[in-house]
Structure formats: C-alpha cells, structure tokens
Amino acid sequence: MRNFIENMPKAELHVHLEGTLEPELSFSLAEKNGISLPFETPEALIAAYDFHDLPSFLKIYYAGMSVLQEESDFFDLTWAYLEKAASQNIVYAELFFDPQGHTTRGVAFETVITGIHNAQVAAQEKLGIKSKLILCFLRDMSADSAMEHLLMAKPYIDWLVGVGLDSDEYNNPPVKFKEVFALARKWGLKLTMHCDVNQKNTLEHIGQVLDDIQVDRIDHGVNALESDALCNKIKARQLGLTVCPVSNRFVVQSLTSQEIRTMLSKGMLATINSDDPAYFRAYLNENFIALQEEGNFTKDEILTLAANAFSVSWLTEPEKTDYLHKLSVFSDTRAE
Ligand SMILES: [Zn+2]
C-alpha cells in the first residue's frame with residue numbers, strides 16, 4: 001500500500017509555501033541574510049515545534065518567515081517544495097502564499113511574488129511539475145489591508161488562479177472579507193477560504209463561505225459533517241474540501257480518518273493535503289500513508305481521494321481529463 005501511494009500520480013491543493021520552509025533552508029537563509037535565529041541547530045528548531053491549536057502554530061509559523069528577505073529566498077523556498085513534491089509523484093500543485101506576512105516586515109509584494117513565480121516556471125520546465133498560485137489574506141488583519149494587497153496583486157493577476165483566507169479564525173468570520181472576495185471574483189479569480197477544525201462559530205462560518213462568499217472550494221471544512229444542511233449544499237455544488245490529516249492531528253488528536261470516510265460515503269469531494277509540511281513533518285505521501293494506516297482505507301478509496309483532487313482543482317477541463325486519465329492508467333497497471 002505504501003508503494004502504491006508513493007507511486008500514484010497526485011495533486012496537492014492545500015499547501016502554504018511559507019509552511020514548507022525546512023529548518024535547514026531556514027538556517028542557510030538566516031546566515032546569508034545576517035539574521036540570528038534563537039536556535040543552535042535545525043534539530044533544535046524542530047524540537048521547539050510545540051503546537052496544540054491554531055494560535056500556538058501560527059506564532060511559530062510567523063516567526064519562521066523572518067529569514068525570507070530577497071527574491072532569491074522566495075525562489076529557493078518554492079523550488080525546494082516543488083522539487084520535494086515532484087519526488088513524491090505530485091504532478092500538480094496549487095500553492096498558497098501569505099503576502100501580508102512579508103509586506104508587514106518591509107519585504108515588497110513584487111519581491112515575494114516574482115521569486116515564487118520564477119520558481120514555478122523553472123520547476124515546470126525542469127521537473128515537469130505544474131503549479132498555480134493562490135494569494136491568501138490573513139484574516140486576523142483588517143479587510144482594508146486585504147483589499148490593499150488585492151490591489152497590489154493586480155499587475156500580477158495572470159500569475160494567480162485564486163484567492164484564499166487563512167490565519168486565526170477566532171472572531172474573524174468570512175463575511176469580514178465579503179467585498180474583497182467579490183472584487184477578486186470580478187477579476188476572474190477563484191475563491192477559497194479556510195474553515196479550520198473546531199473553531200468558534202464554525203458552522204456559522206461554513207454557512208457564510210457558502211452563502212455570502214460563494215466559494216469555489218473549502219479548506220478543511222471537516223465540521224460541516226455536523227450539519228446535514230451544510231453537507232447537502234456542499235455536495236449539490238460539488239465543492240471540494242481540502243482536508244489535511246496530519247495537520248488536524250495537532251488539534252483533534254486524530255487524522256480525521258472517520259470524518260474523511262464519512263465524506264466519501266456522502267459523495268462529498270474530500271481531498272488529502274499536507275498544509276504546512278515542514279512544520280508538521282509530513283508531506284503529501286506521509287499524509288496519505290498515515291491516513292491509510294489509521295483508517296484502513298482500501299486502494300479504491302485512496303484512488304477516489306486522489307481523483308477528487310484533480311476533479312476539484314482549478315485546472316482547465318482538458319487538463320483535468322488528462323491527469324485523471326494518467327491516474328486511471330496507473331490504477332489499471334497496478335491491478336494486473
Ligand atoms: Zn491551511
């Protein structure tokens with residue numbers, strides 16, 4: 001099963017580039033940029049990763065960003081993820097980035113997006129992995145700041161496929177960003193938002209992303225299972241849910257394998273993703289393998305989860321058909 005998962009062609013739809021910053025790269029960038037880290041070694045940094053909920057994770061995540069200063073740093077970060085992803089047979093990825101995490105430190109928007117974009121182009125050429133970019137707003141910052149960053153992105157609109165919403169959900173409901181997301185949609189961008197696991201007012205927030213924002217996808221969204229009305233709406237609109245098993249384990253002490261199986265049985269389009277793999281110490285294959293072991297998933301269920309990711313991706317229809325065909329060829333070859 002491990003071998004099957006590792007060799008299966010996959011898409012990843014929920015991965016934060018800043019969350020792919022490996023401690024080794026962090027140390028080399030810190031040295032280059034003359035920044036001193038409060039740890040002696042990469043191993044000591046990893047040992048200090050102590051998350052038990054969203055705020056405790058975010059504190060460490062934002063501190064980690066300080067080493068990212070120059071365009072080449074964003075190139076190196078993105079390249080390293082795409083190289084790792086290609087080695088795991090990920091053939092397509094949709095990447096989140098958090099520009100406000102950088103502009104608030106004095107790093108220009110242009111520096112961030114140019115470094116990321118150039119690495120995406122290089123990786124497609126040299127590694128054969130295709131990727132698209134999603135601009136995420138930090139929901140614990142103001143709607144004005146989000147709007148300001150959307151306007152900053154306008155000259156680079158062709159480099160983006162969509163916008164998202166992440167960071168601390170507590171008292172930061174989706175409707176706070178209604179205007180920003182309406183403008184993004186007007187510009188032709190796809191919309192997604194995080195509905196993190198077990199947040200205050202989670203069902204109300206999931207209702208808002210469906211009705212007020214009218215998203216094209218939901219990130220996490222596991223708590224929707226508590227409401228038949230929400231599940232029916234998600235299913236009727238064929239919205240994808242980007243579930244992140246290892247990430248969830250830090251909050252709910254389970255890989256949510258039961259919840260994922262329930263989604264599949266209800267015909268909801270669940271997908272498996274790594275979220276912040278450098279911090280959670282698990283890339284996409286490790287997420288699939290751990291999930292399969294916890295929930296004893298069959299090959300057919302694993303294939304359905306992989307196919308869902310291509311189906312609900314923001315690729316063009318011919319591209320989706322092409323990748324789904326590759327997945328079915330893989331499955332046929334493995335069945336013999
Ligand atoms: Zn996330």
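Guide: His205 is found in helix α10, residues 202-213. The model is predicted, so local features need pLDDT of at least 70 and side-chain atom pairs count only at pLDDT 80 or more, while totals for chains, interfaces and linings use all residues. Residues are numbered from 1 along each chain as its sequence is written, and side-chain values use heavy atoms, with hydrogens and water left out.

Visitor: Why is His205 called buried?

Guide: Buried means under 20% relative accessible area, exposed means over 50%, and partly exposed lies in between, with a 1.4 Å probe and protein chains only. His205 has a relative accessible area of 3%, so His205 is buried.

Visitor: Why does Asn172 count as buried?

Guide: Asn172 has 9% relative accessibility, and therefore counts as buried. Its place is in the loop between β4 (160-166) and α9 (178-186).

Visitor: What does Asn172 contact, leaving aside its neighbours within four places in sequence?

Guide: Contact means heavy atoms within 4.5 Å. By that rule Asn172 is in contact with Arg139, Asp140 and His205. Asn172 and His205 are 33 residues apart in sequence and 9.2 Å apart in space, C-alpha to C-alpha. Residues up to four places away not counted, His205 touches Arg139, Glu169, Asn172, Pro173, Pro174, Cys195 and Lys200.

Visitor: How do you know that the charged end of Lys200 sits over the ring of Tyr170?

Guide: A charge sits over a ring if NZ of Lys or CZ of Arg is within 6 Å of the ring centre and within 35 degrees of the ring normal. The charged end of Lys200 sits over the Tyr170 ring, 4.9 Å from its centre. For Lys84 over the ring of Tyr283, the distance to the centre is 5.1 Å.

Visitor: What makes a space a cavity, and what makes it a pocket?

Guide: On a 1 Å grid over the protein atoms alone, a cavity is a set of points where a 1.4 Å probe fits but cannot get out. A pocket is an open set with protein on both sides within 12 Å along at least five of seven lines, and lining residues have an atom within 4 Å of a point. Grid points are joined across faces, edges and corners, and a volume is the space filled by probe spheres set on the points.

Visitor: How many cavities of 30 Å³ or more does the structure hold?

Guide: The structure holds 1. The largest cavity has a volume of about 250 Å³. Of the 24 residues that line this cavity, the closest to its centre are Leu54, Phe57, Asp196, Asp275 and Asp276. Helix α4 gives the most to the lining, with 5 residues.

Visitor: What classes of residue line the largest cavity?

Guide: The lining has 11 nonpolar, 7 polar and 6 charged residues. Ala, Val, Leu, Ile, Met, Phe, Trp, Tyr, Cys and Pro count as nonpolar, Asp, Glu, Lys and Arg as charged, and the others, Gly among them, as polar.

Visitor: What is known of the largest pocket?

Guide: About 210 Å³ of space lies in the largest pocket. Of the 16 residues that line the pocket, the closest to its centre are Phe39, Leu45, Ile60, Ala63 and Gly64. The lining divides into 12 nonpolar, 3 polar and 1 charged.

Note on methods
Helix = DSSP H or I, 4+ residues; strand = E, 2+ residues; numbered from the N terminus.
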